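Please read these points with the sequence and the model open beside you. They take up one topic at a time.

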Amino acid sequence: IVEAGGNPVELSYELETLARSDFSGTLPGPFSAHPKVDPDRGEMHALGYFFGWEHLQYIVVGTDGRVRRTVDIPVPGRPMIHDCAITENYFIVFDLPVIFDLSMIQEGYSFPYRWSEDYGARVGLLPRDGGSDDVIWSEVDNCYVFHPLNAYEDSEGRVVLDVVRHPRMF
């Protein structure tokens with residue numbers, strides 16, 4: 001699995017590439033570097049993104065190994081989304097201020113994403129069976145999160161995230 005990129009790769013026990021998988025032709029676009037598996041349902045949840053899209057894509061892969069659901073989530077820019085999180089009832093989206101910038105390539109950089117202080121930062125809660133209009137967005141101070149450590153719903157129904165919060169990238 002790779003950042004904002006191609007299809008997941010199946011490896012042998014010797015780490016040799018066996019195949020690239022598009023989940024039997026059901027994956028409509030890029031996958032994620034860090035999908036999450038629901039321990040109760042066995043489904044895999046991921047967030048795909050691509051610099052040419054004006055949305056993020058929530059992807060659910062069923063236990064049969066086929067994409068069973070996608071939800072396009074509009075965003076105001078083209079953010080780099082490294083990871084995601086799930087709880088019993090929500091898929092958690094990090095829309096943070098590291099965004100695609102074509103001028104980075106034109107200036108000779110190999111990684112075309114940059115910190116954008118003006119983009120803002122927010123965390124979205126998408127009900128796992130909801131649509132893009134159902135996302136509950138909460139603005140947060142500008143930061144970047146690579147890897148959530150834990151996510152759960154407490155006894156009052158609040159979503160709790162444990163993350164390493166970087167105040168700025170690059």
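1. Trp 53 counts as buried, because its relative accessibility is 17%; buried means under 20% relative accessible area, exposed over 50%, and partly exposed in between, with a 1.4 Å probe and protein chains only. This is a predicted model, in which local features need pLDDT of at least 70 and side-chain atom pairs count only at pLDDT 80 or more, while totals for chains, interfaces and linings use all residues. Residues are numbered from 1 along each chain as its sequence is written, and side-chain values use heavy atoms, with hydrogens and water left out.

2. How many aromatic pairs does the structure hold? The total is 10 aromatic pairs. Rings of Phe, Tyr and Trp (its six-membered ring) pair if their centres lie within 6.5 Å; planes under 30 degrees apart count as stacked, over 60 as edge-to-face and the rest as tilted. One of the pairs joins Phe 50 and Phe 51, with 4.6 Å centre to centre and 40° between the planes, and is tilted. The ring of Phe 50 also pairs with that of Trp 53: the centres are 6.2 Å apart and the planes stand at 75°, so this pair is edge-to-face.

3. Phe 50 is partly exposed, because its relative accessibility is 33%. Phe 51 is likewise partly exposed, at 40%. Both belong to one aromatic cluster, whose members are Tyr 49, Phe 50, Phe 51, Trp 53, Phe 100, Phe 111, Tyr 113 and Phe 170.

4. Another ring to look at is that of Trp 137. Arg 122 lies over its face, at 3.6 Å from the ring centre. The rule asks that NZ of Lys or CZ of Arg be within 6 Å of the ring centre and within 35 degrees of the ring normal. Trp 137 also has a place in the strand pairing, where Gly 124 stands opposite this residue of strand 12.

5. Strand 11 (residues 121-127) and strand 12 are joined in the antiparallel sense by 5 bridges. Two strands pair if DSSP finds at least two bridges between them; helices (H or I, at least four residues) and strands (E, at least two) are DSSP runs, numbered from the N terminus.

6. A hairpin is formed by strand 13 and strand 14, with 5 residues between the strands. Strand 13 (residues 148-153) runs antiparallel to strand 14 (residues 159-163), and 5 bridges join the two. Across this pairing, Asn 150 stands opposite Asp 162. Gly 157 in the hairpin takes a positive phi near 85°. In the segment after strand 14 comes Val 164, which is partly exposed because its relative accessibility is 42%. Val 164 and Ala 151 are 13 residues apart in sequence and 12 Å apart in space, C-alpha to C-alpha.

7. Leu 15 has a phi of about 65° and is found in the loop between strand 1 (9-11) and strand 2. Phe 23 has a phi of about 55° and lies in the loop between strand 2 and strand 3. Are these two residues buried or exposed? Leu 15 is exposed, because its relative accessible area is 63%, whereas Phe 23 counts as buried, at 10%.

8. Phe 31 lies in the loop between strand 2 (17-20) and strand 3 (36-37). Phe 31 counts as buried, because its relative accessibility is 1%. Phe 31 and Ile 81 are 50 residues apart in sequence and 11 Å apart in space, C-alpha to C-alpha.

9. Ile 81 is one of the residues that line the largest cavity, together with Met 80, His 82, Asp 83, Phe 94, Leu 96, Tyr 144 and Val 145. On a 1 Å grid over the protein atoms alone, a cavity is a set of points where a 1.4 Å probe fits but cannot get out, and lining residues have an atom within 4 Å of a point.

10. The lining of the largest cavity divides into 6 nonpolar, 1 polar and 1 charged residue. Here Ala, Val, Leu, Ile, Met, Phe, Trp, Tyr, Cys and Pro count as nonpolar, Asp, Glu, Lys and Arg as charged, and the others, Gly among them, as polar.

Key
1 Å grid on protein atoms, 1.4 Å probe; cavity = no way out; pocket = protein on both sides within 12 Å on 5 of 7 lines; lining within 4 Å.
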